[in-house]
Amino acid sequence: MNKAMLCTLNKDNAETNILIIKNKIDPADYNLNVDYQLEDTDPDVQHLINAQVGQEIKVDFLEGENSWKLSSKKMFISHFDYAYDLSSLKDFTDSLVTFKANDREIDTEIIQMLKNDIFPAAAFWENENIDQDLTAELILKYWDLESVDTYPENDFYKILLKFADDKINIINQKIADYWFEIPLQIRKKINNLIAADEIKFENYLVYLQTRDNIILNTILLNFLKEAEGESQESINNLFEKFHYQLIDELTKYSLEKDKKNNLNPIIPHGDSKRKELELQPKLNMMDYSLLEIFDNYSIEIDFEALNLFSENELKSLSDYLKSLTSHVEYLNQMREKLKCDSCGQMMEYELDYSQEIAAYKVGNAHCNNLECDNFDQKIKFN
Ligand SMILES: [Zn+2]
């Protein structure tokens with residue numbers, strides 16, 4: 001791989017461009033304006049490689065003593081049609097942003113070379129032009145490199161760099177609070193490490209908070225937090241609220257968003273490994289169903305006192321879970337049935353509330369595609 005640095009020096013009104021390169025090229029082939037071309041092993045120019053922009057420099061083959069001033073530094077890696085601008089931190093950041101805007105991949109080599117200069121600098125990460133995409137690319141490219149010498153002051157970027165350096169193996173509350181600010185690509189990478197059991201959670205609430213599902217990261221999480229230490233009556237009231245929020249979201253998710261609900265293992269359904277809905281206190285946290293979650297937080301629901309279901313057939317959390325399981329299955333099947341037989345489009349539907357299961361079922365539906373043969377034909381479901 002060829003590599004080069006183009007240094008521009010000024011004196012009075014004169015300007016000179018020195019290309020310091022590994023293997024010499026014909027600058028005309030690359031449209032480069034070069035006055036001198038020297039190999040990077042040449043002692044005459046080696047001090048230029050480390051010089052700072054603004055510095056006065058003596059170059060033996062140029063006239064004058066120390067009167068040349070370095071005005072810009074550009075780094076070429078493997079191609080000569082684009083360069084990293086190393087003149088200042090701001091110029092470098094701008095060149096990264098331009099790379100990204102032109103869909104060009106950032107070379108790992110430049111990250112390797114500059115990581116200790118740029119990554120510990122809060123000013124670098126806090127530059128308003130460094131967006132989520134660029135952050136993700138920089139961190140993911142850095143992932144397999146040697147650790148930086150120091151971390152930035154900014155906690156968020158410190159966490160990202162530490163994840164990349166394999167220095168975080170427990171996700172705590174602080175990390176959970178930052179979780180959804182972490183770029184998606186990086187979260188995916190971390191979730192893979194979690195699945196491989198290389199990263200664990202401080203506790204179950206932290207686990208819930210980092211799941212990309214509103215039922216887990218909001219509805220269930222809030223219920224567990226609110227119910228803690230409350231009286232039985234209050235727990236029952238909170239449980240009713242939890243139930244309605246859950247049912248609403250399940251219905252919305254599967255019917256409006258046309259996505260299959262997958263809430264395993266919390267609500268075991270479909271191809272869940274779990275067949276017996278009995279408490280299994282020794283399960284691994286990540287395999288908890290509502291039974292173990294409620295048990296873990298000492299939450300007991302008084303089903304006798306609950307007015308949620310008209311025919312009070314549900315006597316226990318296990319019964320409740322069974323009814324949820326079949327409801328999730330019902331919704332997942334209903335989603336398929338709501339695709340119009342004739343044109344395949346999702347039909348408009350009306351919901352009926354069923355007191356028996358305290359949940360919504362689809363009452364009827366019709367296709368609203370004007371060009372469909374079945375347009376406006378009402379289909380009843382029971
Ligand atoms: Zn149709």
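## A guided tour of the predicted model

Begin with the largest nonpolar core, which has 63 residues; Cys-7, Ile-20 and Leu-160 have the most contacts inside it. A nonpolar core is a set of buried Ala, Val, Leu, Ile, Met, Phe, Trp, Tyr and Cys residues joined through C-beta atoms within 7 Å. A residue is termed buried if 20 or more other C-beta atoms lie within 10 Å of its own, exposed if 12 or fewer, and partly exposed in between, with C-beta atoms placed from the backbone.

The model is predicted: local features need pLDDT of at least 70 and side-chain atom pairs count only at pLDDT 80 or more, whereas totals for chains, interfaces and linings use all residues. Residues are numbered from 1 along each chain as its sequence is written.

Select Ile-20 and display its contacts (C-beta atoms, placed from the backbone, within 7 Å). Leaving aside neighbours within four places in sequence, Ile-20 touches Ala-4, Met-5, Cys-7, Leu-38, Asp-40, Val-45, Leu-48 and Ile-49. Another core, of six residues, lies apart from the largest one and includes Cys-340, Met-347, Val-362 and Ala-365.

**Domains.** Next, colour the chain by domain: domain 1 (1-87), domain 2 (89-202), domain 3 (214-336) and domain 4 (338-382). These bounds come from an automatic or database domain assignment. Between domain 1 and domain 2, eight residues of the former are in contact with eight of the latter. On the domain 1 side, β5 (68-77) and β6 (84-85) each supply at least two residues. That side divides into five nonpolar, two polar and one charged residue. In this division, Ala, Val, Leu, Ile, Met, Phe, Trp, Tyr, Cys and Pro count as nonpolar, Asp, Glu, Lys and Arg as charged, and the others, Gly among them, as polar.

Select Lys-11, in strand β1 (residues 3-11). Helices (H or I, at least four residues) and strands (E, at least two) are DSSP runs, numbered from the N terminus. Lys-11 counts as partly exposed because it has 15 C-beta neighbours inside 10 Å. Its C-alpha atom is separated by 6.3 Å from that of Ser-67, 56 residues away along the chain. Leaving aside neighbours within four places in sequence, Lys-11 is in contact with Gly-64, Ser-67, Trp-68 and Lys-69. Move on to Asp-12, in the loop between β1 and β2 (14-21). Its phi is near 50°, a positive value in a residue other than glycine. Asp-12 is exposed, with 7 other C-beta atoms within 10 Å.

**Helix α10.** Select residues 214-227. At 1.5 Å a residue, the 14 residues of α10 should span 20 Å, and the end C-alpha atoms are 18 Å apart, which agrees. The expected span is 1.5 Å times one less than the number of residues. At Leu-221 the helix bends by about 30°, the bend being the angle between axes fitted to the seven residues ending there and the seven starting there. Ile-219, Leu-220, Phe-223 and Ala-227 are buried in α10, and the buried residues of this helix pack against α9 (204-209) and α11 (232-256). Just after α10, Gly-229 takes a positive phi of about 75°.

**Two further loops.** Pro-265 is found in the loop between α11 and α12 (290-296). A cis peptide bond joins Asn-264 to Pro-265, with omega about 0°. Finish at Asp-376, in the loop between β10 (359-366) and β11 (379-380). Phi of Asp-376 is near 70°, a positive value in a residue other than glycine. With 11 other C-beta atoms within 10 Å, Asp-376 is exposed.

Conventions. Contact = placed C-beta atoms within 7 Å.
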